[in-house]
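Here is a briefing for a first look at this structure.

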Amino acid sequence: MSLLIGNVITNDELTQTFGCSTQGGMRRSNKTNTLVLVSNHVKSIYHDRWVDNVLHYTGMGTEGDQSLSFSQNRTLAESNFNGVTVHLFEVFEDQKYTYQGVVKLAGTPYQEEQLDSNNTARKVFVFPLVKQDGSAPIPIDREHFDAISKKVATKVSKLSDEEIAERARNAHTRAGQRQTISTSYERNPFVMRYAKIRAKGICQLCDQPAPFRTKDGEPYLETHHIEWLSKGGTDTIENTVALCPNCHRKMHIVNDKQDRLKLKEKRKSNE
Ligand SMILES: [Zn+2]
Ligand SMILES: [Zn+2]
């Protein structure tokens with residue numbers, strides 16, 4: 001199978017293409033003289049990150065300090081002169097391997113502290129990698145990006161306050177970054193405006209006046225679709241309400257059933 005950057009394949013296809021093992025983050029194949037790297041954002045305990053088109057990729061070994069001479073860490077560390085071609089895949093959704101292309105070492109592997117699979121601090125090796133053609137990583141769906149951030153935040157929230165403080169103080173100064181693709185809905189301006197007119201400056205969930213006025217002197221409210229557009233809701237006056245920023249956030253974070261019912265009732269009564 002011929003692979004193009006951006007192709008999404010299954011684990012079976014990956015294994016067949018490269019003649020490598022069916023699992024692991026670093027899979028060496030003598031048959032094709034390749035090393036396949038899998039940066040798995042769904043399952044892995046590592047937090048690989050892209051900074052200025054360089055992937056900071058965490059090496060092998062899920063417990064204790066990692067060693068540079070261990071197994072495929074060594075293959076990767078020597079990959080610029082051992083003749084092994086290194087291919088990179090990223091996983092954002094279970095069982096979907098996105099091909100990023102051939103990569104090479106962009107600098108000397110360095111050590112940093114990360115948590116192991118038992119949540120114990122240990123030293124890992126991080127390999128700075130760039131794509132051979134120098135290009136940026138392919139953009140990922142905004143949804144996947146958000147899901148990964150949420151997963152990491154949940155993991156972090158389970159640590160002790162001391163551990164979190166320690167890690168926060170020693171954070172990387174440069175934030176990881178990557179391009180994302182998102183879908184924006186072109187919302188009907190009449191429907192939005194009409195929802196605000198109907199609300200008369202009062203949030204339709206908490207029934208309080210808008211928290212402030214805009215520079216134009218208008219009460220500030222935001223329009224919201226009771227059934228989200230992304231979930232198939234319609235862009236109609238029946239499905240649109242005007243909310244204060246707090247309540248709007250709440251609807252997007254909690255989306256409580258009682259709140260939804262209240263908004264639907266409001267919609268019916270102030271027709
Ligand atoms: Zn409100
Ligand atoms: Zn909304």
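Buried residues make up 21% of the chain's 271 residues. A residue is buried if 20 or more other C-beta atoms, placed from the backbone, lie within 10 Å of its own. This is a predicted model: local features need pLDDT of at least 70, side-chain atom pairs count only at pLDDT 80 or more, and totals for chains, interfaces and linings use all residues. Residues are numbered from 1 along each chain as its sequence is written, and chains are lettered from A and ligands numbered from 1 in the order in which they are written.

**Build and shape**
- The chain has 7 helices and 13 strands, taken as DSSP runs (H or I, at least four residues, for helices; E, at least two, for strands) numbered from the N terminus.
- The radius of gyration, over C-alpha atoms, is 24 Å, well over the 18 Å of the globule rule for 271 residues, so the chain is more spread out than a compact globule.
- That rule is 2.2 Å times the number of residues to the power 0.38.
- Along the principal axes, the C-alpha atoms fill a box of roughly 70 × 45 × 35 Å.

**Nonpolar cores**
- A nonpolar core is a set of buried Ala, Val, Leu, Ile, Met, Phe, Trp, Tyr and Cys residues joined through C-beta atoms within 7 Å.
- The largest has 22 residues, of which Val36, Leu37 and Phe89 touch the most other members.
- Strand 9 gives the most to this core, with 5 residues.
- Apart from it lies another core of 13 residues, including Ala199 and Leu221.

Methods:
A residue is buried if 20 or more other C-beta atoms lie within 10 Å of its own, exposed if 12 or fewer, and partly exposed in between; C-beta atoms are placed from the backbone.
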